[in-house]
Amino acid sequence: MEFARIFRKKSSREIAKDRLKILLISDRVNCSPEMMEMIKTDIAKVISKYMKIDAQSMEIQITKTGIKGRGKTPSLYASIPILDLNK
Amino acid sequence: MSEVIVVTSGKGGVGKTTTSANVGTGLAAMGRKVVLIDTDIGLRNLDVVMGLENRIVYNLVDVIEGKCRVKQALIKDKRHPSLYLMPSAQTKDKSAVSPQQMVKMIQQLKEQFDYIILDCPAGIEQGFQNAIAGADRALVVTTPEVSAIRDADRIIGLLEAKEFKKIDLIINRLRYDMVKRGEMMTASDVVDILAIPLIGIVPDDENVVIATNQGEPLVGNGTMAGRAYQNICERVLGKEIPFIDFEKTISFWTRVTGIFHKN
């Protein structure tokens, strides 16, 4: 346990805080998993027009950048692995 | 003017009943007329924490169903003459009471009491709706854990939607030794996330278990949790009380073992 701690960068406190921030934003926005899935498919479809992407391993997330307090504008983050820039 | 306070959390087992018992007892010890209402129908517990389980004759559901008068169901506390408990029913379920009926009963109690404290059941279903129906102020209890904070956030959203005048946060079971090691969220982390005013921090204290074993609230005694609850009561009354620095009161052993945990 002590040994593992030396090599770990983030404390469990920070992990908990980061997880909660992301979790609560999607909770608060009240975005259903189905809707997230639909947004994801639509984004993949549009991007696919211009470049070859790995739609399987793409991820989307609703999060806040300026964090702190409720009521600030949440943002949608998408991480899309590109397989080939020129289609 | 009487105040109706609901103690709620969303998640179960974070300390709603302990908080209700201690805040109620603390306010009564300061001379206020207080009634504690256990709204967890089917799973009553507040009577046990208060050590009044042997005195129950009538309960909340009997009052609602008109089987007895409000006064008959109220149990006088052992220690404080201005403190009463309205126990919940153990054999009925949550659908036995409606929010409208709760509001009506609370209106009646307002004539006799300064503070009406409602111990809310876990969850966000009917039992929760019943408990918050007549309340104008809330104490949201959470522990510094992901699951409890997530549920607290949901509860706060629901309370805000009901236009509660005052929603305050109690962080329960904080372990300073773990916070020090970076293995537990700090009180300010939790406040940052939930973004409501903090009214109290209760350290994780084995005396809470001992007090529950004995059926005696520990507010106001010398224990760390007892002092924390005392401060919460003062703040409920609107006094400005600085937060105790428990860093200094951490036991000698935590400090000694703490040396080996330093990164």
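## Strands 2 and 4 of chain B

In this predicted model, strand 2 of chain B (residues 34–38) pairs with strand 4 of chain B (residues 83–86). The two run in the parallel sense, over four bridges.

Strands of a sheet pair through backbone hydrogen bonds, either parallel or antiparallel. Strand 2 of chain B also has strand 5 of chain B as a parallel partner, joined by five bridges. There, B:Val35 has B:Ile116 as its bridge partner.

## The whole sheet

How many strands form the open sheet of chain B? Eight do, and their order is 3-4-2-5-1-6-7-8. The pairing is mixed. Which strands sit at the edges? They are strand 3 (75–76) and strand 8 (198–203) of chain B, and each pairs on one side only.

Chain B as a whole has 12 helices and eight strands. Its 263 residues include 55% that count as buried. Take the contacts in chain B with a separation of 6 or more: 73% of them join residues 24 or more positions apart.

## Strand 5, inside the sheet

Is strand 5 of chain B enclosed or open? Five of the five residues in strand 5 (residues 115–119) are buried, so this strand is largely enclosed by the rest of the structure. Both of its faces are covered. On one side are B:Tyr115, B:Ile117 and B:Asp119. On the other are B:Ile116 and B:Leu118.

Strand 5 of chain B also pairs with strand 1 of chain B. These two run parallel and share five bridges. In that pairing, B:Ile5 has B:Ile117 as its bridge partner.

Helix 7 of chain B lies across strand 1 (3–8), strand 6 (137–142) and strand 7 (166–174) of chain B. The helix runs at about 170 degrees to strand 6.

The largest nonpolar core has 55 residues. Those that touch the most other members are B:Val6, B:Ile37, B:Met86, B:Met105, B:Leu109, B:Val140 and B:Leu159. Helix 7 of chain B (residues 146–161) gives the most to this core, with six residues.

Now look at B:Val140. Leaving out residues up to four places away in sequence, B:Val140 touches several others, including B:Thr8, B:Ala152, B:Ile155, B:Ile156 and B:Leu159. B:Ile167, B:Asp168, B:Leu169, B:Ile170 and B:Ile196 are also among its contacts.

## A buried aspartate

B:Asp47 lies in helix 2 of chain B (residues 46–50). Why does B:Asp47 count as buried? Its relative accessible area is 4%, and buried means under 20%.

The side chain of B:Asp47 makes a polar contact with the side chain of B:Arg44, at 3.3 Å. Beyond four places away in sequence, B:Asp47 touches B:Leu52, B:Glu53, B:Ile56 and B:Leu85.

## Cysteines

B:Cys68 is buried, at 10% relative accessibility. B:Cys120 is buried too, at 2%. How many disulfides are there over all chains? The count is zero.

## Two positive phi angles

Most residues other than glycine have a negative phi. B:Glu163 is not a glycine, yet its phi is positive, about 55 degrees. B:Glu163 lies in the loop between helix 7 and strand 7 of chain B. At 69% relative accessibility, B:Glu163 is exposed.

B:Arg173 also has a positive phi, near 60 degrees. B:Arg173 lies in strand 7 of chain B. With a relative accessible area of 34%, B:Arg173 is partly exposed.

## A loop in chain A

Where is A:Gln56? A:Gln56 lies in the loop between strand 1 (52–53) and strand 2 (59–63) of chain A. A:Gln56 is exposed, with a relative accessible area of 75%.

A:Ala44 is 12 residues from A:Gln56 along the chain. The C-alpha atoms of these two residues are separated by 9.5 Å.

Technical notes:
Residues are numbered from 1 along each chain as its sequence is written. Chains are lettered from A and ligands numbered from 1 in the order in which they are written. This is a predicted model: local features need pLDDT of at least 70, side-chain atom pairs count only at pLDDT 80 or more; totals for chains, interfaces and linings use all residues. Side-chain values use heavy atoms; hydrogens and water are left out. Buried means under 20% relative accessible area, exposed over 50%, partly exposed in between (1.4 Å probe, protein chains only). A polar contact is a pair of N or O atoms within 3.5 Å; within protein, one must be able to donate a hydrogen and the other to accept it, and residues adjacent in sequence count only if both atoms are side-chain atoms. Contact means heavy atoms within 4.5 Å. A disulfide is a pair of cysteine sulfur atoms within 2.5 Å. A nonpolar core is a set of buried Ala, Val, Leu, Ile, Met, Phe, Trp, Tyr and Cys residues joined through side-chain atoms within 4.5 Å. Two strands pair if DSSP finds at least two bridges between them. Axes are lines fitted to C-alpha atoms, for helices over the stretch in contact, and angles run from 0 to 180 degrees between N-to-C directions.
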